[in-house]
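I opened my notebook to go through this structure one topic at a time. Here is what I looked up.

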Amino acid sequence: MSTLTNGQKKWQTKLSSAGLIYHHFGYRIISQMLGNNQSNDAVVNVIYDKVYENFMEEIDAVDNGIDQYDGGVMRYRINTTLSSRVGYLNTPWNHPEHSSSSRQYDQFVKAMQLVGEEFTNRVHGFRNIWLPAREIVQRAITDRLQVDSSGAIIKLEVSCPWTDHLFKLETEMNLIGQIKFVLYKESERDRWRIQCVPVSIGSFTNRTPLHSDWRGLRDVSLNEASGIDGCVFVHISGFIGGNETYSGALQMGQKTLAATATQTQ
């Protein structure tokens, strides 16, 4: 945001597509929402900044794989947790019925419904979606040497939630830290993805990011830089990439491992 506004805005977080849209249209949207046709109105400016800092920046940072903290210093705030959403149901201090017991009860009921629905969704989601993926990840780890002799790359038979299972299974199988990349087929296409294993669950730091020379490149430019046919993209942070074929995705992992090994010699 700072770069696009020539330093008028303080935020240094790289913008996602959502952030870019907010940068270009946010003033106009907020002005219309507030019933104000003057997009440069002081109130609109204040609300614009507040919404970015307390809502949009989190989206930009997560989308770009930016850790919330850097050396103990907070880069951005997380304001969309369950506790935050429950907190937003509290009656505002300047609401006409701020002290009304009936109003407080109504908001409490809404909070119970919100939390209850999320709890129910999580229980069913863990049982019906998360848990069945364990067997898929376990088979992929067991068969990893058939994918690559390094044992650092696994291939999922189907795209599924894998991070939690991988960390638990690595511990159970005495393989902690050995797996660097996960290959899986895109759900609606024949393309393949290669995703880096993070250093810990929820971290944006990866054990071995994809080759630094490829990050942010796409298509022909990426083919030329990598020497691999069929490349689709590598994310700017290096945490994920894509290729038209399984062989191409596998080569992306293999070449990254080779380059990393050379750098550490």
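**Salt bridges**

I began with D70, which counts as partly exposed at 46% relative accessibility (buried means under 20% relative accessible area, exposed over 50%, partly exposed in between, with a 1.4 Å probe and protein chains only). I kept in mind that this is a predicted model, where local features need pLDDT of at least 70, side-chain atom pairs count only at pLDDT 80 or more, and totals for chains, interfaces and linings use all residues. Residues are numbered from 1 along each chain as its sequence is written, and side-chain values use heavy atoms, leaving out hydrogens and water.

D70 forms a salt bridge with R75, with 3.4 Å between the closest N and O atoms (a side-chain nitrogen of Lys or Arg within 4 Å of a carboxyl oxygen of Asp or Glu). R75 is partly exposed too, at 40%. I found eleven salt bridges in the structure. R85, E118 and R122 are linked in a network of them.

Next I looked up strand β5, residues 192-196 (strands are DSSP runs of E, at least two residues, and helices are runs of H or I, at least four, numbered from the N terminus). Four of its five residues are buried. β5 pairs with β4 (residues 181-185) in the antiparallel sense over five bridges (a pair needs at least two DSSP bridges). F181 stands opposite C196.

On to β7, residues 240-243, which pairs with β5 in the antiparallel sense over four bridges. There I194 has G241 as its bridge partner.

I then checked the charges here. R193 and E186 meet in a salt bridge of 3.0 Å, N to O. R193 is partly exposed at 24%, whereas E186 is buried at 15%. R191 and E244 form another, at 3.3 Å. R191 lies in the loop between β4 and β5 and E244 in the loop between β7 and α9 (246-264), so this pair ties together parts 53 residues apart in sequence.

**A buried arginine**

What is the nearest side chain of opposite charge to R144? I found D143, 8.1 Å away (Lys and Arg count as positive, Asp and Glu as negative; His and the chain ends are not counted). R144 is buried yet has no salt bridge. R144 sits in helix α6, residues 144-147. Leaving out residues up to four places away in sequence, R144 touches G151, I153, I154 and L175 (contact means heavy atoms within 4.5 Å).
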